Amino acid sequence: MSTAHTHKHHGHSHNHGRDHHGNPKDFANYLKRLESPERDAWQQPQRVIKALKLGRGDTVAEVGAGPGYISLRLAKAVGPKGRVFAVEVEPKMLAVLGERLVAAKTINLTPVLGLLERPLLPHRSLDHVLLVNTFHHFHDGVAYLKELARCLRPQGRISVVDFHDREMPMGPPPEEKISRDACVTLAKRAGLTLVAEQTFLEYQYFLTFAATARA
């Protein structure tokens with residue numbers, strides 16, 4: 001569910017050249033773009049993870065993990081005593097991730113086949129949840145954020161990284177995006193408060209929320 005689209009590969013409707021999850025139907029090409037060196041330049045995955053300020057031994061989740069582009073890096077960040085749940089709704093992506101876990105000998109990452117409506121994560125168990133280029137896929141962002149809030153420990157955080165709603169060489173067309181301000185509004189409706197914002201990404205906003213009320 002994590003995306004790294006460019007406009008020339010992305011139609012103006014989720015039904016044009018897309019599967020029922022809103023991802024491109026050309027799986028091989030999609031997978032290649034998710035992990036291209038060009039993406040490293042603008043996504044800055046290591047800097048994103050550093051900004052989360054994770055502790056060794058933390059339990060974290062990435063929702064929309066795809067083939068593990070971010071999740072495998074998260075597993076290294078939390079160390080062998082930490083735990084990462086990599087949530088993905090596309091079984092083919094989880095199969096790829098599983099192969100990569102074996103190849104990398106990563107033992108602290110658990111793939112999770114989630115639902116579009118629910119992440120299927122244990123409640124009160126997570127120190128941090130990360131969503132990268134995923135939030136705009138949700139049919140009901142408020143309900144999904146409420147589900148994630150239930151999974152947080154008392155001091156837990158949810159971070160959303162997603163594309164700005166303007167014409168750019170990366171990301172889906174503007175009409176398929178959720179703006180930074182709309183994301184904040186939806187999070188507030190879900191009982192979350194904005195506690196930090198990073199601005200180093202060129203094409204994306206990077207917001208971190210805390211639960212203000214238990215859902």
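These legends go with a few close-up views of a predicted model. In this model, local features need pLDDT of at least 70 and side-chain atom pairs count only at pLDDT 80 or more, while totals for chains, interfaces and linings use all residues. Residues are numbered from 1 along each chain as its sequence is written, and side-chain values use heavy atoms, with hydrogens and water left out.

**View 1. Strand β7 and its two partners, β5 and β6.** Here we look at β7, residues 204–211; strands are DSSP runs of E with at least two residues, helices are runs of H or I with at least four, and both are numbered from the N terminus. On one pairing, β5 (residues 152–163) runs antiparallel to β7 and is joined to it by seven bridges; strands pair if DSSP finds at least two bridges between them. Val160 stands opposite Leu207 of β7 in this pairing. The other pairing is with β6 (residues 192–198), again antiparallel, with six bridges. There, Leu194 sits opposite Phe209 of β7, and a hairpin of five residues links β6 to β7. Seven of the eight β7 residues are buried, so the strand is mostly covered (buried means under 20% relative accessible area, exposed over 50%, partly exposed in between, with a 1.4 Å probe and protein chains only).

**View 2. Glu175 in the loop between β5 and α7.** The loop leads on to α7, residues 180–189. Glu175 has a relative accessible area of 51%, so it counts as exposed. Asp165 is ten residues away in sequence, and its C-alpha is 7.5 Å from that of Glu175.

**View 3. Ser71 in helix α4.** Helix α4 covers residues 71–78. Ser71 counts as buried because its relative accessibility is 0%. Leaving aside residues up to four places away in sequence, Ser71 touches Glu62, Ala65, Val84, Ala86 and Leu109; contact means heavy atoms within 4.5 Å. Leu109 is 38 residues from Ser71 along the chain, with 7.8 Å between their C-alpha atoms.

**View 4. Helix α3 packed against α4.** The axes of α3 (residues 45–52) and α4 come within 10 Å and cross at roughly 45°; axes are lines fitted to C-alpha atoms over the stretch in contact, with angles from 0 to 180 degrees between N-to-C directions. Pro45, Gln46, Ile49 and Leu52 of α3 meet Arg73, Leu74 and Ala77 of α4.
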